[in-house]
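The entries below are in the order in which I looked things up.

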Amino acid sequence: FRVVHATGVESEMELPFAALHQLCGSMLDMLDALPEPQRDAVSTAFGLTSGSSPDGLLIGLAVLNLLAATAEDGVFISADYGQHWIAWNFGLVDSDVFSLVLSPDFSADKTIFVGTESGIFRSHNGGQSWQEVDFPMDAAPVLSLGISPNYATDGHLLAGTEEHGVFVSHDNGQSWQQIQVDLLSNAIHAIQFTSALTPQLH
């Protein structure tokens, strides 16, 4: 694992964002992947751009995303057939990833879903940034995900949980409903759609 730290020095008490400089100074090469408001706030705090004093909430969100991006868990991508891997975790505040599915039209829509300890996250840019999906928190963790072969037109998704069975979404993950299926166990470790668009559970 990686450890990042900052050291408090009394003489720096009057310096704005002194601890931020220590904590995130080595992460500035990742600023371009932050949402614009967060990127602008951090750039101003570091003196990279001029502007009024940045909002503390934006700074907090930016730091959270930067720390998530440098975590040694989460989602990793390789552009050289697996020779090297880099973390793509901006916005993925839960790095305990149990499952991942790509849209069948990934080359066009760049959509990815991941199931985590706390729920589901979605990326619309090939994993460069993530947003949490509105999934029932008390149903997490999400152990498995299934995506319809016709996702571009029907928006169907399935989520298999550890203790609460299966949930379905018919609107690209915007809302979820639990479905009743006869199972020997409520822990769903694998889901896939058949050609008839019915789920197979394991």
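**Entry 1, the whole chain.** I note at the outset that this is a predicted model, and I read everything below with that in mind. I looked up the secondary structure and found five helices and 12 strands in the chain. I then took the extent of the C-alpha atoms along the principal axes, and they fill a box of roughly 65 × 35 × 35 Å. Of the 202 residues in the chain, 39% are buried. The accessible surface comes to about 11400 Å², and carbon and sulfur atoms account for 53% of that surface. I also looked at contacts between residues at least 6 apart in sequence, and 39% of these join residues at least 24 apart.

**Entry 2, the sheet that contains S4.** I followed the strand order here and found an open sheet of four strands, S3-S4-S5-S6, with antiparallel pairing. Its edge strands are S3 and S6 (131-132), each of which pairs on one side only. Strand S3 (residues 97-102) pairs with S4 in the antiparallel sense over five bridges, and within that pairing Val101 has Phe113 of S4 as its bridge partner. On the other pairing of S4, four bridges join it to strand S5 (residues 120-123), again antiparallel, and Ile112 stands opposite Ser123 in S5. I checked the turn in the hairpin of S4 and S5 as well: three residues lie between the strands, and Gly119 takes a positive phi near 155 degrees. S5 and S6 run antiparallel and are joined by two bridges, with Gln131 in S6 as the bridge partner of Arg122.

Why do I describe S4 as largely enclosed by the rest of the structure? Five of the five residues of S4 (residues 112-116) are buried, so the strand is largely enclosed. I sorted the side chains by direction: Ile112, Val114 and Thr116 point one way from S4, while Phe113 and Gly115 point the other way, and all are buried. For S5 I found both faces covered, with Ile120 and Arg122 buried on one side and Phe121 and Ser123 buried on the other. I marked Arg122 for a second look, as this buried residue of S5 is also the one bridged to Gln131.

**Entry 4, the sheet that contains S7.** I traced another open sheet of four strands, in the order S7-S8-S9-S10 and with antiparallel pairing. Strand S7 (142-147) and S10 stand at the edges with a single partner strand each, so one side of each is left without a neighbour in the sheet. The twist from one strand to the next averages 30 degrees. S7 pairs with strand S8 (residues 157-161) in the antiparallel sense over five bridges; I noted two of the facing pairs, namely Gly146 opposite Leu158 and Ser144 opposite Gly160. Is S7, at the edge of its sheet, enclosed or open to the outside? Six of the six residues of S7 are buried, so the strand is largely enclosed by the rest of the structure, although one side of S7 has no neighbour in the sheet.

Where does Ser175 lie? I placed Ser175 in the loop between strand S9 (166-169) and strand S10 (177-179). Leaving aside residues up to four places away in sequence, Ser175 touches Val168, Ser169 and His170. A polar contact of 2.6 Å joins the side chain of Ser175 to that of Asp171. I also looked up the separation between Ser175 and Val133, which are 42 residues apart along the chain, and their C-alpha atoms are separated by 8.4 Å.

Note on methods: Residues are numbered from 1 along each chain as its sequence is written. This is a predicted model: local features need pLDDT of at least 70, side-chain atom pairs count only at pLDDT 80 or more; totals for chains, interfaces and linings use all residues. Side-chain values use heavy atoms; hydrogens and water are left out. Contact means heavy atoms within 4.5 Å. A polar contact is a pair of N or O atoms within 3.5 Å; within protein, one must be able to donate a hydrogen and the other to accept it, and residues adjacent in sequence count only if both atoms are side-chain atoms. Two strands pair if DSSP finds at least two bridges between them. Axes are lines fitted to C-alpha atoms, for helices over the stretch in contact, and angles run from 0 to 180 degrees between N-to-C directions. Buried means under 20% relative accessible area, exposed over 50%, partly exposed in between (1.4 Å probe, protein chains only). Accessible areas come from the Shrake-Rupley method with a 1.4 Å probe; for residues, only the protein chains shown count as cover.
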